[in-house]
Each structure stands twice: as structure tokens, then as C-alpha cells.
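Dear colleague,

I am handing over the structure we spoke of, and my notes on what was found in it follow below.

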Amino acid sequence: MGMGGISIWQLLIILVIVLLLFGTKKLKNIGQDLGGAVKGFRSAMSDADKDKEEAEPQQLEETKAERSAETDPAGGKGADKAPADKGRA
């Protein structure tokens with residue numbers, strides 16, 4: 001490739017250097033640690049999604065109750081409603 005491109009041979013040389021520097025045991029341990037971290041992250045994300053799904057129906061019910069209380073503060077009884085023609089006669 002042209003400038004800035006990395007060929008397969010350059011990647012293989014980098015891989016060999018990394019193997020020589022760290023060794024196979026160290027790389028295996030790093031891989032296991034990284035895999036465990038990814039697994040923990042995924043489980044935490046799925047737990048958060050489950051919590052969010054459980055909270056959504058409760059929030060919907062609460063907002064419906066709040067909206068109905070805002071639109072009808074007397075609770076549907078109509079006790080505080082005054083007749084429109086009260087001042088005339």
C-alpha cells in the first residue's frame with residue numbers, strides 16, 4: 001500500500017515482537033483478564049437494561065396518575081365546578 005497503510009507482513013512482525021517481549025504465558029493471562037472484563041461489562045449492561053425495562057412500566061403508571069390528577073384535581077367528582085350562568089339573572 002501507499003503511505004500510512006499497514007501490510008500483513010508489518011502486522012506479523014509486530015506480533016512476533018510482542019510475543020518476544022511478553023511471552024505466551026503473559027499474553028494468555030492478559031487475554032483471560034481482558035475476556036473477563038468484557039464479560040463483566042456485558043453482564044452489567046444487560047442488568048442495567050433489565051432494571052430499565054422493569055422501571056419503565058412503573059414510570060408510565062406514575063406519569064398517567066400524575067396527568068390525571070393535573071387534569072382533574074377533584075378526582076372526577078366535579079365538586080368545585082361552578083355553573084357558568086351563576087352571575088347572570
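Leaving out its neighbours within four places in sequence, Val18 is in contact (heavy atoms within 4.5 Å) with Gly23 and Leu27. Val18 has its place in helix α1 and is partly exposed, at a relative accessible area of 28%, where buried means under 20%, exposed over 50% and partly exposed in between, with a 1.4 Å probe and protein chains only.

Please bear in mind that this is a predicted model, in which local features need pLDDT of at least 70 and side-chain atom pairs count only at pLDDT 80 or more, while totals for chains, interfaces and linings use all residues. Residues are numbered from 1 along each chain as its sequence is written, and side-chain values use heavy atoms, with hydrogens and water left out.

The protein chain has one helix and zero strands, taken as DSSP runs (H or I, at least four residues, for helices; E, at least two, for strands) and numbered from the N terminus. Of its 89 residues, 0% count as buried.

On the surface, Ile6, Ile8, Trp9, Leu11, Leu12, Ile14, Leu15 and Leu19 form a nonpolar patch, a patch being made of residues with over 30% relative accessible area and no salt bridge, with nonpolar side chains (Val, Leu, Ile, Met, Phe, Trp, Tyr) joined within 5 Å and like charges within 9 Å; a salt bridge is a side-chain nitrogen of Lys or Arg within 4 Å of a carboxyl oxygen of Asp or Glu. Trp9 lies in helix α1, residues 8-71, and counts as exposed because its relative accessibility is 62%.

Glu53, also in helix α1, is exposed at 55%.

With kind regards

Methods
Accessible areas come from the Shrake-Rupley method with a 1.4 Å probe; for residues, only the protein chains shown count as cover.
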